[in-house]
Every structure is written in structure tokens, then in C-alpha cells.
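Welcome! Take a moment to look over the sequence and the 3D view before reading on.

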Amino acid sequence: MNEKSIYRVIFHNQGKVYEVYARQVSQDRLFGFVEVEGLLFGERTAVVVDPTEERLKTEFSGVKRFHIPIPAVIRIDEVEQEGVAKITDGETGNVTPFPSPLY
């Protein structure tokens, strides 16, 4: 992994879909988990504040790294630029997710 890499991690958590940006993503030593470390939140100098990003900052304040169960991971992308972290509703709309076995 490149030191300058930025990863977008999208995962399910308690009925919501979280999208966060991190410096490091790896397979965890705990079997069946993905380890996410070095969370990035945009340092906005503007007066406008995004409430969902602020909620994520509060939720993950003081967190050095966290672990996501593999079945909860939707997607992990290496991106060139950091975006806005957000939480959205977990509704899938017209698309039904493929059923997966629980381990």
C-alpha cells in the first residue's frame, strides 16, 4: 500500500450505510473482519457544516482503528481524492441484495 493512498470504505451498520475515508485498510488478524485505520475527515474552513460528517466525527472521535465484519462491507475503493464522509439510509430501493450465508 502506498503511504499516500486514500480508501473509501462503504459498509452497513445498524440499518444505515456508512461511507468513510481512511489511510489504511487491511485484512484483520481477527478472522472475518476488515481493519480500517487513519480515518480522514475534511477540514472545512467554510461556515457551512455538513451535519452527517459532524455526526461521524463525533461517533469516531478518539478511535484509532476499527473492525468491520466482512459481510457488512459493501465496497472498498482506492481513490485519488478524499470526499465527504456520510451516513445514508440502508434502503436498497428496487435492488434486492443477494442473500449471503451467515458465518
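Predicted model: local features only at pLDDT ≥ 70, side-chain atom pairs only at ≥ 80, totals over all residues.

Residues are numbered from 1 along each chain as its sequence is written, and side-chain values use heavy atoms, with hydrogens and water left out.

**Salt bridges around Asp77**

- A salt bridge here is a side-chain nitrogen of Lys or Arg within 4 Å of a carboxyl oxygen of Asp or Glu, and by this rule the count comes to 7.
- One of them joins Arg8 to Asp77, with 2.8 Å between the closest N and O atoms.
- Because Arg8 sits in strand E1 and Asp77 in strand E5 (residues 73-79), this pair ties together parts that are 69 residues apart in sequence. Strands (E, at least two residues) and helices (H or I, at least four) are DSSP runs, numbered from the N terminus.
- Asp77 also forms a salt bridge with Arg75, where the closest N and O atoms are again 2.8 Å apart.
- Together, Arg8, Arg75 and Asp77 are linked in a network of salt bridges.

**Buried or exposed?**

- Buried means under 20% relative accessible area, exposed means over 50%, and partly exposed lies in between (1.4 Å probe, protein chains only).
- Asp77 has 14% relative accessibility, so Asp77 counts as buried.
- Its two partners are partly exposed: Arg8 has a relative accessibility of 24%, and Arg75 has 47%.

- The side chains of Lys16 and Asp89 meet in another salt bridge, at 3.0 Å from N to O.
- Lys16 belongs to strand E2 (residues 16-27) and Asp89 to strand E6 (residues 86-89), so the pair ties together parts 73 residues apart in sequence.
- Lys16 counts as partly exposed because its relative accessibility is 28%.

**A closer look at Ser5**

- Ser5 lies in the segment before strand E1 (6-13).
- With 4% relative accessibility, Ser5 counts as buried.
- Leaving aside residues up to four places away in sequence, Ser5 touches Ala22, Arg23 and Glu78; contact means heavy atoms within 4.5 Å.
- The side chains of Ser5 and Glu78 are joined by a polar contact of 2.8 Å. A polar contact is a pair of N or O atoms within 3.5 Å; within protein, one must be able to donate a hydrogen and the other to accept it, and residues adjacent in sequence count only if both atoms are side-chain atoms.
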